[in-house]
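Please keep the sequence and the structure in view while reading.

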Amino acid sequence: MRLIVGLGNPGDEYKNTRHNLGFIVLDNYLTEKNLINGLKKDFKSEYLKFNDCFFQKPLTYMNDSGVAIEQLMKYYKISVNDLYVIYDDMDMEVGKIRIKNSGKSGGHNGIKSIISHCGDGFTRIKVGIGHKKNDAVSHVLGTFPKEDKEILNAKLTILNELIDDILNGVSFNKLQNMYSGKGINGNKEK
């Protein structure tokens, strides 16, 4: 049993912000697969089960994401090794993808919360949102400008393929080789 989580904040005021990139990616995938209407509310989240995989959007706000994820994982006895978390990373260029399976939070409060509540060893799927050095909070809670939206819209197809590969049991190493480092144009970058 796998669990794929998209991180974000609930509420219309956060809907199209950079920090909600995990929600945006998951919603896009579920819409493409005609599953979006199957989302239920429980475990302090919106979630659904499809085949042998759960999809979850924690509604606890970013800083407490681990609370909702831990509840679902405990109830359905999902191992931390079967947890995949999609989230924004402001230390990477817009649209760049990086996959890791352990490490520190990198200052991301949602990841800090997950490590605290669920442990380490889960797969992190980071998607770049770029960075403005002067005000990180305003940047992550701001909306995407038109040029960034275009880049991300092009990346959603690749991210859908990545989620399909997770569902098909593709190994972590192969996922990392196939998707990590893909930049704006979809090609591998250093």
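UniProt positions are given here in the numbering used for this structure, with feature names shortened, and annotations may be inferred rather than shown by experiment. The model is predicted, so local features need pLDDT of at least 70 and side-chain atom pairs count only at pLDDT 80 or more, while totals for chains, interfaces and linings use all residues. Residues are numbered from 1 along each chain as its sequence is written, and side-chain values use heavy atoms, leaving out hydrogens and water.

An unreviewed UniProt entry places the feature "active site" at His19. This residue lies in the loop between strand E1 (2–6) and helix H1 (21–32); helices (H or I, at least four residues) and strands (E, at least two) are DSSP runs, numbered from the N terminus. Is His19 buried or exposed? Its relative accessible area is 12%, so His19 is buried; buried means under 20%, exposed over 50%, and partly exposed in between, with a 1.4 Å probe and protein chains only. Beyond its neighbours within four places in sequence, His19 is in contact (heavy atoms within 4.5 Å) with residues including Asp88 and His108.

The structure also holds 8 aromatic pairs. Rings of Phe, Tyr and Trp (its six-membered ring) pair if their centres lie within 6.5 Å; planes under 30 degrees apart count as stacked, over 60 as edge-to-face and the rest as tilted. The planes of Phe43 and Tyr47 stand at 75°, with ring centres 5.3 Å apart, so this pair is edge-to-face. Both Phe43 and Tyr47 are buried. Ring pairs link Phe43, Tyr47, Phe54, Tyr75 and Tyr76 into a cluster.
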